[in-house]
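Here are my comments on the model you sent.

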Amino acid sequence: MRRAACGQRTYEIGVGVLPEHRGQGVGTAAQKLLVDYLLDRTTANRVEALTNGGNISEHKALERLEFHQEGVMRGRSFQHDEYVDVLAYRLLRSEHRPGMP
């Protein structure tokens with residue numbers, strides 16, 4: 001009988017960047033390093049990221065890293081006294097190109 005490999009197959013990542021450091025590529029660089037590590041050094045097959053619908057900078061950063069939007073969760077998060085949508089992104093091992101940006 002063959003034993004299944006142990007370990008996590010899916011990881012969810014996120015980043016928080018202080019306002020004074022936003023727009024400098026710090027968050028994108030950190031996420032790239034983490035994605036490269038997870039897909040190069042673990043058995044992960046999938047990396048996920050969630051972001052608020054209005055966070056256009058994060059949408060662009062994830063798309064630069066070749067994440068694909070999978071769906072919208074309507075009214076999932078409560079922010080600034082209102083419910084906001086959350087977008088789900090994914091990157092599969094088969095889609096990962098380590099040299100990307």
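**Notes on the model**

1. The side chains of E70 and R90 form a salt bridge, with N and O 3.5 Å apart; the term stands for a side-chain nitrogen of Lys or Arg within 4 Å of a carboxyl oxygen of Asp or Glu. E70 belongs to strand β3 and R90 to strand β4, so the pair links parts that are 20 residues apart in sequence. Helices (H or I, at least four residues) and strands (E, at least two) are DSSP runs, numbered from the N terminus.

2. A word on the basis of these comments. This is a predicted model, in which local features need pLDDT of at least 70 and side-chain atom pairs count only at pLDDT 80 or more, while totals for chains, interfaces and linings use all residues. Residues are numbered from 1 along each chain as its sequence is written, and side-chain values use heavy atoms, with hydrogens and water left out.

3. How exposed are the two partners, E70 and R90? E70 is partly exposed, at 44% relative accessible area, whereas R90 is buried, at 16%. Here buried means under 20% relative accessible area, exposed over 50%, and partly exposed in between (1.4 Å probe, protein chains only). The pair is part of a network: salt bridges with shared partners join R46, E48, E70, R90 and E95.

4. E48 counts as partly exposed at 24% relative accessibility, and R46 counts as buried at 18%. The whole structure has seven salt bridges.

5. Another of these bridges is between the side chains of D36 and K32, at 2.5 Å from N to O. Both residues lie in helix α1, four residues apart, which is about one turn of the helix. D36 is buried, with a relative accessible area of 14%, and K32 also counts as buried, at 16%.

6. Now the fold. The protein has two helices and four strands, and from the N terminus on its elements run β-α-β-α-β-β. What is the order of the strands in the sheet? The sheet is open, with the order β1-β2-β4-β3 and mixed pairing; two strands pair if DSSP finds at least two bridges between them. β1 (10-13) and β3 stand at the edges with a single partner strand each, so one side of each has no neighbour in the sheet. The twist averages 25° from one strand to the next. Axes are lines fitted to C-alpha atoms, for helices over the stretch in contact, and angles run from 0 to 180 degrees between N-to-C directions.

7. β3 (residues 68-79) and β4 run antiparallel and are joined by eight bridges. G71 stands opposite A88 in β4, and H68 stands opposite R90, the residue that also pairs with E70 in the salt bridge of point 1. The two strands form a hairpin with two residues between them, and H80 in the turn has a positive phi of about 55°.

8. α1 lies across β1, β2 and β4 and runs at about 170° to β1. Helix α2 (residues 56-64) packs on the sheet, where it touches β2 and β4, and its direction makes about 165° with that of β2. K60 is in helix α2 and counts as partly exposed at 48% relative accessibility. The C-alpha atoms of K60 and T28 are separated by 9.3 Å, although these residues are 32 residues apart along the chain.

9. Which residues have the most contacts inside the largest nonpolar core? They are I13, V35, L39, V47 and F67, in a core of 13 residues. Such a core is a set of buried Ala, Val, Leu, Ile, Met, Phe, Trp, Tyr and Cys residues joined through side-chain atoms within 4.5 Å. α1 (26-41), β2 (46-52) and β4 (82-92) each supply at least two of its residues. Leaving aside residues up to four places away in sequence, V35 touches I13, V47, F67, L91 and H96; contact means heavy atoms within 4.5 Å.

10. Last, the overall figures. Of the 101 residues in the protein, 30% are buried. Among contacts with a separation of 6 or more, 66% are between residues 24 or more positions apart. The protein exposes about 7000 Å², and carbon and sulfur atoms supply 50% of it. Accessible areas come from the Shrake-Rupley method with a 1.4 Å probe; for residues, only the protein chains shown count as cover.
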